[in-house]
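Please consider the following note alongside the sequence and the model.

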Protein chains: 2
Amino acid sequence: MRAARRHLKGARSVYIACHIMPDGDAIGSLLGLGLALRQLGKHCTMACDDPAPLKFDFLAGFEDIVAQPPDAEDVIVTVDCSDTERLGALFDAQRFARRVVINIDHHVTNVRFGDVNVVTDLPSTAETVYALIRPMGVEITADIASALLTGLVTDTRCFRTGNVATKQLKTAIALINAGASLTEITELVFNREPIAKICLWGQALANVQTRGSIIWTEVDRQMIRKCGASPDEGGGLVSFLASAMGVDVALVFREQDDGRIEASMRAGPGMDVASVALQFGGGGHPRAAGCTVAGELPDVRERVLAAIEEAIRQREISAP
Amino acid sequence: MRAARRHLKGARSVYIACHIMPDGDAIGSLLGLGLALRQLGKHCTMACDDPAPLKFDFLAGFEDIVAQPPDAEDVIVTVDCSDTERLGALFDAQRFARRVVINIDHHVTNVRFGDVNVVTDLPSTAETVYALIRPMGVEITADIASALLTGLVTDTRCFRTGNVATKQLKTAIALINAGASLTEITELVFNREPIAKICLWGQALANVQTRGSIIWTEVDRQMIRKCGASPDEGGGLVSFLASAMGVDVALVFREQDDGRIEASMRAGPGMDVASVALQFGGGGHPRAAGCTVAGELPDVRERVLAAIEEAIRQREISAP
């Protein structure tokens, strides 16, 4: 982290980008770091190739997020991106090669593409940003605290994930004491789902299937159209499926606009779906991973399920 | 609380009961208090008129929960019950009249039926039990801490409800430090849903309806049968509906085995559905309440919806 702090302190202008289809940890980390660096007098560009979901519009700096690639900034920072593909069209190989790139992330599959890599095993990138900026003399204002707490509660589904310990609760208390409102954030982040999403869940849950200890469902373009849903509104579905008793792995196969199939995976304790996602060019965490695969839905589904069945078999063989 | 502590200290035997269709706060409070009193050398009966949900079987004392009414115990304690009807067949008016009854709860609609009433505005009854037993010289063992943390995370949906503040996070840290595992509890409490429940959600969400800012769905006995679900597996549905954007009130109407209709309600900030539930003989909290009404589903639905529309109108008139 020291090298990252040194580069940031020395920079007059910083370009920060988060990943496409941004979630609360991507946006919260982007804004939390951006506001902190602005407080230190840096000129700061905050970028995302996809529009930030409107439910984060309560965060300070939200309006400043742009979809433009780096320009002449001294330093480039990426947040919550395990590889440069996650930047979408913001990745510009030439510019990235010419600047110091600081890669701030918490994904185990992070490929360390930065000149400086700040990759932790914390439950959220927002906590990584918090650990980075605190010793830099940044005053944690209510705006910065709100952005970081939004990241923390998003990636831990409000402290429900298996990697949460007292450290996360203490960080939350510190951010609340700095002015963030946990109540407001959970209300705005978890309680403003479009009705189209509820429709999509109804469609998807009506066709849940199981094979051994695998549970999955499929969301095709027709269902998305019928509900007037946006592509990312199947988001929480896979976590819901993973809550079923006796399930080792839950998946949602979603047909994207470009016809490719996105597979989101969640695994029970002791399973590693990140390795399966990696086989298909994706990534993530051992218990929450994803990939996007070209092909027809039934074909992709069978290939991914076969890889998962193999992973379950391997675990059974290697278990004591 | 002092009177309650005095009675409990003086008792040799204590009968504790929680409400029918028990949730994690009912079971956690029951076991947390029961284990604490046993540690103090009391003979302790822990009772519930309905079977405790199996997902709480990891809690110490779970096997000791019985469905028998009070016998010759010195003191009767009820936990998480706003009135004696919530005790089901465990309520025995004569025995309750002859003993000291301590009513430990956190529902705003609690009717203060005890000789001693310990009714707080804390987010969970488990926290109320914790506040009660700490000054009694009880060592908060890992078993007691696990029971109480289960209550806390259940009733706050893991710190997501609007009444959560740093106090709850600090209590959680104290209980974790005493040996409770937040990870294990959230895994076991939130991630062991029967597949029948997922089926039931699919059925129910396929028929979501809206009227103004009210959203609701209906679960009839045919749907419950089709999915092989138990009656309480529509539980989280109403919270999910309440997460829809622009919704003031969410409801789930569920046909019970006896043909009566249970209406579960959730409200957005500033609304009070407890008052609506009270009109129909139910109760709860301003933002989470319920009632059970005799009649056919369409008729009950229209009566309850009319009362809610009136409550929304009243709020609009009284708003500044």
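1. A nonpolar core is a set of buried Ala, Val, Leu, Ile, Met, Phe, Trp, Tyr and Cys residues joined through C-beta atoms within 7 Å; a residue is buried if 20 or more other C-beta atoms, placed from the backbone, lie within 10 Å of its own. In this predicted model, the largest such core has 126 residues, and Ile16(A), Leu30(A), Ile16(B) and Leu30(B) have the most contacts inside it.

2. Residues are numbered from 1 along each chain as its sequence is written, and chains are lettered from A in the order in which they are written. Because the model is predicted, local features need pLDDT of at least 70 and side-chain atom pairs count only at pLDDT 80 or more, while totals for chains, interfaces and linings use all residues.

3. Leaving aside residues up to four places away in sequence, Ile16(A) touches Leu30(A), Leu33(A), Gly34(A), Cys44(A), Thr45(A), Met46(A), Ala47(A), Val77(A) and Val79(A) (contact: C-beta atoms, placed from the backbone, within 7 Å). A second, separate core of 86 residues includes Leu241(A), Ile261(A), Val238(B) and Met271(B).

4. Of the 320 residues of chain A, 52% count as buried. The C-alpha trace of chain A spans about 55 × 45 × 40 Å along its principal axes.

5. Chain A is superposed on chain B by a rotation of 180° with 0.0 Å of shift along the axis (RMSD 0.0 Å), by least squares on the C-alpha atoms of residues with pLDDT of at least 70 in both. This is the relation of a two-fold axis. Within chain A, Gly202(A) comes closest to the rotation axis, at 2.4 Å (C-alpha).

Notes: A residue is buried if 20 or more other C-beta atoms lie within 10 Å of its own, exposed if 12 or fewer, and partly exposed in between; C-beta atoms are placed from the backbone. Two residues are in contact if their C-beta atoms, placed from the backbone, lie within 7 Å.
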